[in-house]
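Me: I'd like to learn how to read a protein model, one feature at a time. Can we go through one together?

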Amino acid sequence: MAEIEGQIKDEQLDPEREARRRIALAQIRQYPDAALKLAARPVEEFDDDLRRLAERMKQLMVDANGIGLAATQVGVLQRLFVFQANEDDVVALANPEIVERSDETTVDDEGCLSIQGVLVPVERPTTIAIVGQDENGTDVRYELDEPYSRVAQHETDHLAGVLILDRTTPEARREALGSLRPRIVIG
Ligand SMILES: [Zn+2]
């Protein structure tokens, strides 16, 4: 099984999958895009538009080799994300609210589909319970353990405009920002 790093699966892809991954990434907002820093609004209408958005996000997430994707990452300021809730199922969760967090925490490296090439350590509660609605407006609740608990917390953060750079150590943040600084290209 591929190693999971925060929002991203780390695995070798064949050329066709790699091409699809690049096309998907081009449709995902990249740091420091302003949309990534904005808080999303609650989902109020569970209509066909919302279901189409959820389907599109699931496809983008899979194509980008991710295990989670928040609406803010595609420039839509609605409290909606999609994620892999277990080994087999990709689900949509609207209006997520973390209602239980374990006292035990785990530190692990996290990547983000919006901050390519960066992996930073993030400490998070190991297990959580999260509630919300699916794309039809039905109430749902997930009890999650690593790595799925980490993904759900990462996505919930996105909906509040919070990134892994805001969650990591000052040293790791400095190093990551250094590697993200645009390079000057002459020619
Ligand atoms: Zn992310």
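Reply: Helices (H or I, at least four residues) and strands (E, at least two) are DSSP runs, numbered from the N terminus. Keep in mind that this is a predicted model, where local features need pLDDT of at least 70, side-chain atom pairs count only at pLDDT 80 or more, and totals for chains, interfaces and linings use all residues. Residues are numbered from 1 along each chain as its sequence is written, and side-chain values use heavy atoms, with hydrogens and water left out.

Me: How many bridges join β3 to β4, and which way do the two run?

Reply: Strands of a sheet pair through backbone hydrogen bonds, either parallel or antiparallel. Here three bridges join β3 to β4 (residues 80–84), and the two run antiparallel. Ala 70 sits opposite Phe 81 of β4, and Gly 68 has Phe 83 as its bridge partner in β4.

Me: In what order do the five strands of the open sheet come?

Reply: The order is β3-β4-β5-β8-β9, with antiparallel pairing. β3 (68–70) and β9 (139–144) are at the edges with a single partner strand each, so one side of each has no neighbour in the sheet. On average, neighbouring strands are turned by 40° against each other, direction ignored. For such angles, axes are lines fitted to C-alpha atoms (for helices over the stretch in contact), and angles run from 0 to 180 degrees between N-to-C directions.

Me: Which helices pack on the sheet?

Reply: Contact means heavy atoms within 4.5 Å. Helix α2 (residues 48–63) packs on the sheet and touches β3, β4 and β5 (90–101), its direction making about 40° with that of β4. Helix α3 (residues 148–158) packs on the sheet too, touching β3, β4, β5, β8 (128–133) and β9, and its direction makes about 165° with that of β4.

Me: What joins the other neighbours in the sheet?

Reply: Follow the order along. Five bridges join β4 to β5, running antiparallel; one of the partners is Leu 93 in β5, facing Phe 81. A hairpin through five residues connects β4 to β5. Next, β5 and β8 run antiparallel with five bridges, and Glu 97 is opposite Val 131 in β8. Finally, β8 and β9 pair in the antiparallel sense over six bridges, with Val 140 in β9 as the bridge partner of Gly 132. These two strands form a hairpin with five residues between them, and Gly 137 in the turn has a positive phi of about 90°.

Me: Which way do the side chains of β4 point?

Reply: In a regular strand the side chains alternate between the two faces of the sheet. In β4, Leu 80, Val 82 and Gln 84 point one way, Phe 81 and Phe 83 the other, and all are buried. Buried means under 20% relative accessible area, exposed over 50%, and partly exposed in between (1.4 Å probe, protein chains only). Five of the five residues of β4 are buried, so the rest of the structure largely encloses this strand. For β8 the count is five of the six residues, so β8 is largely enclosed as well.

Me: How many aromatic pairs does a search of the whole structure find?

Reply: Rings of Phe, Tyr and Trp (its six-membered ring) pair if their centres lie within 6.5 Å; planes under 30 degrees apart count as stacked, over 60 as edge-to-face and the rest as tilted. The search finds two pairs. The ring centres of Phe 81 and Phe 83 are 5.4 Å apart with planes at 75°, so this pair is edge-to-face. For Phe 83 and Tyr 142 the centres are 5.9 Å apart and the planes at 85°, so that pair is edge-to-face. Phe 83 lies in β4 and Tyr 142 in β9, so the pair ties together parts 59 residues apart in sequence.

Technical notes
Two strands pair if DSSP finds at least two bridges between them.
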